[in-house]
Amino acid sequence: MPGIPGWDGRPLCLQGLLHSSAVSSYLSYPQLHQPLPGSPLFKASAPALAVSHGSRRAAAAPLTPASSALREGSLPLAMASPGQFIFWSIISVIIILAGAIAFIIGFGISGRHSITVTTLTSAGNLGEDGILSCTFEPDIKLSDIVIQWLKEGVMGLVHEFKEGKDDLSDQDEMFRGRTAVFSDQVIVGNASLRLKNVQLTDAGTYKCYIITSKGKGNANLEYKTGAFSIPEMNVDYNASSESLRCEAPRWFPQPTVIWASQVDQGANFSEVSNTSFELNSENVTMKVVSVLYNVTINNTYSCMIENDIAKATGDIKVTESQESAELFHHKI
C-alpha cells in the first residue's frame with residue numbers, strides 16, 4: 001500500500017511469506033544469506049546471526065582427541081573392532097607367559113649353583129706324598145662330573161678330571177707327573193687330590209671346583225708344607241743319672257720341645273732338659289734331640305715336639321727294673 005514503509009507493491013501476505021522464507025533459508029545456510037544492513041531482513045535475522053555466529057564459534061573450537069582420531073581415520077580404544085581387541089589380548093597373554101617362563105628358567109639355573117663342596121686344611125710332609133682333601137655331593141652320572149684343582153698364583157691347572165678320566169692338557173708344569181685323584185671314589189663324592197713328593201713351593205691356597213649334573217660349587221683349602229716325624233723315646237744309659245732321650249729325625253721349620261710328667265702334672269722341665277737341632281744333609285730339615293735328666297721311677301713321661309705345621313708326641317714309662325714301654329702317637 002502506498003505510504004507504508006518497506007512496501008514494494010506486492011500483497012502483504014506474499015511479502016510476509018518471502019520474509020519468513022528468507023529467515024528460514026538464512027538459518028539453514030548462514031554463509032550464503034548475509035542480510036544487508038538496512039534491509040527488512042536485517043533486524044529479523046539478528047537472532048539468526050547470533051545462532052549462526054555461535055555455531056561458527058563452536059565449529060572453530062579446538063579438536064578433541066576423539067574427534068581428531070575420527071578425522072584422521074583411526075579408532076579410539078573404546079571404539080576398537082572385535083578383531084583388534086582379540087589381537088591385543090593375545091599379545092598381552094604372550095608377554096605375561098614369556099615373563100613367567102623366564103622367571104622359572106632363571107630360578108632353575110640359579111638352583112644349579114648350590115651343591116656343597118667341603119675341604120679340610122692339611123699339611124704336606126716334605127719329600128713324601130700328601131693329600132688335599134675335598135668332598136662333594138655324590139652324583140651317579142660319572143660322565144657329568146668335572147673336578148678341577150687350582151692354585152692361587154699359578155696360571156695352569158693343578159689337576160683336572162672329567163668324563164670319567166684325567167685330563168691334564170692344561171696342567172701347570174710344576175705339577176707334571178705329581179698329581180692324581182681317587183678315580184674309583186669320584187662317584188661317591190671324593191675329589192681329594194694326591195700330591196707326590198711334596199715340596200716347600202707346594203704351600204699355598206688351593207681351590208677344589210666341582211661340576212655335576214646337579215650343579216656346581218667350590219671350596220678353598222690352605223695347604224702348608226714342612227717336615228715332621230714321630231719321636232723315639234729311650235732310657236739314656238750313658239748318662240750319669242737316670243735320663244730319657246727323645247729323638248726325631250726330621251723337622252722343619254724348627255720346632256719347640258716340651259716335656260711333661262704324669263705324676264708331676266704342670267711341672268716345668270725346661271731347667272732339667274737339654275734340646276739340640278742338627279741340620280740334615282739336604283740343608284732344609286733338622287734332627288731334633290732332647291734329653292730329660294733326673295727322672296723318677298714308676299712315672300710316665302711325654303715328649304711333645306711341635307711347630308706351626310704339625311705336632312708329635314712320644315710317651316715312655318720308667319720302671320724299677322729300668323725296663324721301658326714305649327708308646328708313640330702322631331697328631332697333626
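In what order do the 6 strands of the open sheet stand? Keep in mind as you look that this is a predicted model. The order is E2-E10-E9-E4-E5-E6, and the pairing is mixed. Strand E2 (122-125) and strand E6 (165-166) stand at the edges with a single partner strand each, so one side of each has no neighbour in the sheet. As a reminder, strands of a sheet pair through backbone hydrogen bonds, in either the parallel or the antiparallel sense.

Next, move to strand E9, which covers residues 204-212 and includes Thr212. Is Thr212 buried or exposed? Its relative accessible area is 2%, and because buried means under 20%, Thr212 counts as buried. A polar atom of the Thr212 side chain lies 3.1 Å from the backbone nitrogen of Lys214.

Finally, step back to the whole chain. The secondary structure comes to 5 helices and 18 strands. Of the 332 residues, 31% count as buried. The accessible surface is about 20400 Å², with 59% of it belonging to carbon and sulfur atoms. Among contacts with a separation of 6 or more, 53% are between residues 24 or more positions apart.

Note on methods
Residues numbered from 1 in each chain as written. Predicted model: local features only at pLDDT ≥ 70, side-chain atom pairs only at ≥ 80, totals over all residues. Heavy atoms only, no water. Helix = DSSP H or I, 4+ residues; strand = E, 2+ residues; numbered from the N terminus. Buried < 20%, exposed > 50% of the residue type's maximum accessible area, 1.4 Å probe, protein only. Contact = heavy atoms within 4.5 Å. Areas by Shrake-Rupley, 256 points an atom, 1.4 Å probe, with all protein chains shown as cover. Pairing = 2+ DSSP bridges. Polar contact = N/O pair within 3.5 Å; in protein donor to acceptor, adjacent residues only side chain to side chain.
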